[in-house]
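Let's walk through this model together, one feature at a time. Have the sequence and the 3D view side by side as you read.

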Amino acid sequence: VQLVESGGGLVQAGGSLRLSCAASGTILRFNPVGWYRQPPGKPRELVAAMTSTGRTDYADPVKGRFTTSRDNANNTVLLQMNSLKPEDTAVYYCNTRSGGWDYWGQGTQVTVSS
């Protein structure tokens, strides 16, 4: 199983980006998904989580600004990021777990300029 993130880039503060996490097959449809980020020099942190039934939860720093959802037709999971701040700058990763295995994408860089 391979996860591939896309949609990162450079954006000004206050702007928006939408990240996608694509997988071969239907693994993202039926398993919990997490979005993590790793700012420069800091550990990886969970920013958004979605259960297999679609319930979502968000870390306090991104609540009200980030939204994750499934696009089942395309076997992808999306992370819509609005009102971006310079402190959102990080490499963003998607993760899913199935059958006792952890799967990660390669990450996509998000840079927010002030």
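Start with Cys 21, which has a relative accessible area of 0% and so counts as buried (buried means under 20% relative accessible area, exposed over 50%, partly exposed in between, with a 1.4 Å probe and protein chains only). Before going further, a word on where this comes from: the model is predicted, so local features need pLDDT of at least 70 and side-chain atom pairs count only at pLDDT 80 or more, while totals for chains, interfaces and linings use all residues. Residues are numbered from 1 along each chain as its sequence is written, and side-chain values use heavy atoms, with hydrogens and water left out.

Which residue is joined to Cys 21 by a disulfide? The partner is Cys 94, with 2.0 Å from S to S (a disulfide is a pair of cysteine sulfur atoms within 2.5 Å). Cys 21 sits in strand E3 (residues 17-23) and Cys 94 in strand E9, so the link ties together parts that are 73 residues apart in sequence. Helices (H or I, at least four residues) and strands (E, at least two) are DSSP runs, numbered from the N terminus. Cys 94 is buried too, at 0% relative accessibility. The angle about the S-S bond is 60°, and the link of Cys 21 and Cys 94 is right-handed. A search of the whole structure finds one disulfide.

Strand E3 also takes us to the sheet. Four strands form an open sheet in the order E1-E3-E8-E7, with antiparallel pairing (two strands pair if DSSP finds at least two bridges between them). At the edges are E1 (3-6) and E7 (66-71), each of which pairs on one side only. From one strand to the next, the twist averages 15°, using axes that are lines fitted to C-alpha atoms, for helices over the stretch in contact, with angles that run from 0 to 180 degrees between N-to-C directions. E7 and E8 (residues 76-81) are joined by six bridges in the antiparallel sense, and Thr 68 has Leu 79 of E8 as its bridge partner.

Leu 79 turns up again in the largest nonpolar core, a set of 26 residues in which Leu 28, Trp 35, Phe 66, Leu 79, Met 81 and Tyr 92 touch the most other members. Such a core is a set of buried Ala, Val, Leu, Ile, Met, Phe, Trp, Tyr and Cys residues joined through side-chain atoms within 4.5 Å. E3 gives the most to this core, with four residues. Now look at Phe 66: leaving out residues up to four places away in sequence, its contacts include Tyr 58, Leu 79, Arg 37 and Asp 88 (contact means heavy atoms within 4.5 Å).

Those last two residues, Arg 37 and Asp 88, meet in a salt bridge of 2.9 Å, N to O (a side-chain nitrogen of Lys or Arg within 4 Å of a carboxyl oxygen of Asp or Glu). Arg 37 lies in strand E4 (residues 33-38) and Asp 88 in the loop between E8 and E9 (90-98), so this pair ties together parts that are 51 residues apart in sequence. Both Arg 37 and Asp 88 are buried. Arg 37 also meets Glu 45 in a salt bridge of 2.7 Å, N to O; here Arg 37 is buried at 5% relative accessible area, whereas Glu 45 is partly exposed at 33%. Arg 37, Glu 45, Arg 65 and Asp 88 are linked in a network of salt bridges.
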